[in-house]
Amino acid sequence: MTNDSKDFFDRERRDEPKRKTERKDGEPTPAFKGASWVALVIGISAYLVGLFNAAMELNEKGYYFAILIFGLYAAVSLQKAVRDKDEDIPVTNIYYGLSWFALIVAIALMAIGLYNAGSIILSEKGFYGMAFVLSIFAAITVQKNVRDTQKARENN
């Protein structure tokens, strides 16, 4: 009796068509896209909440906020330049070099700022550093996913 009811429900499940979303060739999976966006939101949110609650002067908060925005833009710009070169899309050497320079400067400014911040304890410095790195990495990944999705839809 137990097996009969189990077979009945299993048979019913087998008859249902599986609903699977069609992905284009080369398009990232929805899980990867979602994870990238979640990492970006968590990284930026954590950084900004920490900055909002920090016991530092407003000009210091502005400095760290500007570095975050600058770093995110530089990372996305570099990702685009590298990807364009890889796909034989013309990229000037000046733009390519400036993209690398901007990202290196953003990271250096963050490191120098945290190193010289006497009012921030070591664990907070680590928190800001990790939130910054997570945000930059996630911005690069989101940009890559957007571009891969767009390219996959254009090609198919």
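User: What makes a residue count as buried, exposed or partly exposed in this predicted model?

Analyst: In this predicted model, buried means under 20% relative accessible area, exposed means over 50%, and partly exposed is in between.

User: Why is K144 called partly exposed?

Analyst: K144 has a relative accessible area of 34%. That value lies between 20% and 50%, so K144 is partly exposed.

User: Why does D148 count as buried?

Analyst: D148 is at 9% relative accessibility. The cut-off is under 20%, so D148 is buried.

User: How do you know that D148 and K144 form a salt bridge?

Analyst: Their side chains meet at 2.4 Å, N to O. The limit is within 4 Å for a Lys or Arg nitrogen and an Asp or Glu carboxyl oxygen, so the pair qualifies. D148 and K144 are 4 residues apart in helix α5, about one helical turn.

User: What makes D84 and R147 a salt bridge?

Analyst: The closest N and O atoms are 2.3 Å apart. D84 lies in helix α3 and R147 in helix α5, so the pair ties together parts 63 residues apart in sequence.

User: Are D84 and R147 buried or exposed?

Analyst: D84 is buried at 7% relative accessibility. R147 is buried too, with a relative accessible area of 13%.

User: Why is K80 with D84 called a salt bridge?

Analyst: The N to O distance is 2.6 Å. This is within 4 Å, so the name applies. Both residues lie in helix α3, 4 residues apart.

User: Which network do these residues belong to?

Analyst: Salt bridges link K80, R83, D84, E87, K144, R147, D148 and K151 in a network.

Terms used
Residues are numbered from 1 along each chain as its sequence is written. This is a predicted model: local features need pLDDT of at least 70, side-chain atom pairs count only at pLDDT 80 or more; totals for chains, interfaces and linings use all residues. Side-chain values use heavy atoms; hydrogens and water are left out. Helices (H or I, at least four residues) and strands (E, at least two) are DSSP runs, numbered from the N terminus. Buried means under 20% relative accessible area, exposed over 50%, partly exposed in between (1.4 Å probe, protein chains only).
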